[in-house]
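The stops below go from the whole chain to single residues.

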Amino acid sequence: MTLSHGHSLSESVVGLAITVHRSLGPGLLESAYEECLCFELEQAGVAFVRQAPLPVVYKTVRLDCGYRMDIVVEDDLVIELKAVERLLPIHEAQMLTYLRLSGHKIGLLMNFNSAVLKDGLKRFVL
């Protein structure tokens, strides 16, 4: 499956995430949702990188501070997965920071601990 960039890429990934959420439901660890979403992306033939390293540039030095983006789809879309009671401003700040540091423009913050995934979903565009 070849996905075009931008909004339709986000919609396609959200569709796959909803498939995972409908199958598993809320209440599992974030790592389980990540594993299953990566399986769905792979089955759909979508290019992605899991746990993509995110260096921090301080002044002129690139530092590996151990930051990892959960999934980067087609070198365009950053996906940050959560399995928390509710999304908090710190989660949104994390996504915005990941977008700024990585140079990517579009991000999806997904909370799989929601009764309905759409209620735990936020899209970010820089």
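**Ground rules**

This is a predicted model, in which local features need pLDDT of at least 70, side-chain atom pairs count only at pLDDT 80 or more, and totals for chains, interfaces and linings use all residues. Residues are numbered from 1 along each chain as its sequence is written, and side-chain values use heavy atoms, with hydrogens and water left out.

**Stop 1: the whole protein**

Show the cartoon. Helices (H or I, at least four residues) and strands (E, at least two) are DSSP runs, numbered from the N terminus. Trace the chain along the sequence and the pattern reads α-α-β-β-β-β-β-α-β-β. The radius of gyration is 14 Å, close to the 14 Å that the globule rule gives for 126 residues, so the protein is as compact as a globular protein of that length. That radius is taken over C-alpha atoms, and the rule is 2.2 Å times the number of residues to the power 0.38. Along the principal axes, the C-alpha trace spans about 45 × 35 × 20 Å.

**Stop 2: surface and contacts**

Switch to a surface. The protein exposes about 6900 Å², with carbon and sulfur atoms supplying 55% of it. Accessible areas come from the Shrake-Rupley method with a 1.4 Å probe; for residues, only the protein chains shown count as cover. Of the 126 residues, 41% are buried. Buried means under 20% relative accessible area, exposed over 50%, and partly exposed in between (1.4 Å probe, protein chains only). Now think about contacts, meaning heavy atoms within 4.5 Å. Among contacts with a separation of 6 or more, 57% join residues 24 or more positions apart.

**Stop 3: the cysteines**

Select Cys36 and Cys38. How many disulfides are there? Zero, by the rule that a disulfide is a pair of cysteine sulfur atoms within 2.5 Å. For Cys36, the nearest cysteine sulfur is that of Cys38, 9.4 Å away. That is too far for a bond. Cys36 is partly exposed at 28% relative accessibility, whereas Cys38 is buried at 5%.

**Stop 4: positive phi**

Pick Gln51, in strand 1 (residues 48–53). Gln51 is not a glycine, yet its phi is positive, about 55 degrees. Its relative accessible area is 31%, so Gln51 counts as partly exposed.

Move on to Asp75. Look in the loop between strand 4 (68–73) and strand 5 (77–82). Phi of Asp75 is near 50 degrees, again a positive value in a residue other than glycine. Asp75 is exposed, at 63% relative accessibility.

**Stop 5: Pro55**

Select Pro55, in the loop between strand 1 and strand 2 (56–58). Pro55 is partly exposed, at 22% relative accessibility. Which residues does Pro55 touch, not counting residues up to four places away in sequence? They are Arg62 and Leu63. Now draw a C-alpha to C-alpha distance from Pro55 to Leu41: 25 Å in space, for 14 residues in sequence.

**Stop 6: Leu87**

Finish at Leu87, in the loop between strand 5 and helix 3 (89–102). Is Leu87 buried or exposed? Buried, at 18% relative accessibility. Leaving aside neighbours within four places in sequence, show its contacts: Lys82, Leu109, Asn111, Gly120 and Lys122. Leu87 and Asn113 are 26 residues apart in sequence and 9.6 Å apart in space, C-alpha to C-alpha.
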